[in-house]
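Please keep the structure open while you read.

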Amino acid sequence: MFELSLTTPSLLFSAISLIMLAYTNRFLSYASVVRTLKEKHMKEPDPRNLAQIDNLRKRLYLTRAMQILGISSLLFCVISMFFVYILWYIPAIWFFGIALILLAASLCVCIWEINISVKALELHLQDISSK
């Protein structure tokens, strides 16, 4: 049977921390772009700005989902470590497994968000190349 030690869940801490830093930076850059686009749209209304803001809204929601899944993964790692600490190995294994699934889900949502971002940039570049 698989034996879980305190070090096994703690190995995910650095990975999850780096992922959360990347997600937070992504969120902050989107927030900045949204604010800029909003100001630009208030000065000169343009339907393209609304489309970009709508696209950014989707990406912000996906980034929030990525962050929630990543934080949940970290929380489940901590709970798993607590169960190892009090020698409840079966719940510890289950919680660590759930933490891995949550981390994988976060990464899958990240892939989804990246695909939306690439499509948005392709449209933006297409607009430039047609001029």
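1. Basis. This is a predicted model: local features need pLDDT of at least 70, side-chain atom pairs count only at pLDDT 80 or more, and totals for chains, interfaces and linings use all residues. Residues are numbered from 1 along each chain as its sequence is written, and side-chain values use heavy atoms, with hydrogens and water left out.

2. Helix 1. Among the buried residues of helix 1 are Pro9, Leu12, Ile16, Tyr23, Tyr30 and His41. Buried means under 20% relative accessible area, exposed over 50%, and partly exposed in between (1.4 Å probe, protein chains only).

3. Largest pocket. The largest pocket holds about 560 Å³ of space. A pocket here is an open set of points on a 1 Å grid over the protein atoms alone, where a 1.4 Å probe fits, with protein on both sides within 12 Å along at least five of seven lines; lining residues have an atom within 4 Å of a point. The volume is the space filled by probe spheres set on the points, which are joined across faces, edges and corners.

4. Pocket lining. There are 18 lining residues, and Leu37, Arg48, Gln52, Ala120 and His124 lie nearest the centre. Helix 1, helix 2 (47-85) and helix 3 (89-129) each supply at least two residues. Helix 2 gives the most, with 7. By type, the lining has 8 nonpolar, 5 polar and 5 charged residues. Nonpolar covers Ala, Val, Leu, Ile, Met, Phe, Trp, Tyr, Cys and Pro; charged covers Asp, Glu, Lys and Arg; the others, Gly among them, are polar.

5. The whole structure has 3 salt bridges, each a side-chain nitrogen of Lys or Arg within 4 Å of a carboxyl oxygen of Asp or Glu. Glu113 meets Arg26 at 3.4 Å, N to O. Glu113 is in helix 3 and Arg26 in helix 1, so this pair ties together parts 87 residues apart in sequence. Glu113 also bridges to Arg59, at 3.7 Å. Arg59 lies in helix 2, so this second pair ties together parts 54 residues apart in sequence. Which members are buried? Glu113 and Arg59 both are, while Arg26 is partly exposed at 23%.

6. Asp54 pairs with Arg57 at 3.6 Å. Both lie in helix 2, 3 residues apart, about one turn of the helix. Asp54 is partly exposed at 35%, and Arg57 is partly exposed at 42%.

7. Aromatic rings. A search of the whole structure finds 4 aromatic pairs. Phe76 and Phe95 have ring centres 5.2 Å apart and planes at 25°, so they are stacked. Phe76 is in helix 2 and Phe95 in helix 3, so the pair ties together parts 19 residues apart in sequence. Phe83 and Trp88 are also stacked, at 5.6 Å centre to centre and 15° between the planes. Rings of Phe, Tyr and Trp (its six-membered ring) pair if their centres lie within 6.5 Å; planes under 30 degrees apart count as stacked, over 60 as edge-to-face and the rest as tilted. Phe83 is buried at 13%, whereas Trp88 is partly exposed at 48%. Phe76, Phe82, Phe83, Trp88 and Phe95 form one aromatic cluster.

Conventions. Helices (H or I, at least four residues) and strands (E, at least two) are DSSP runs, numbered from the N terminus.
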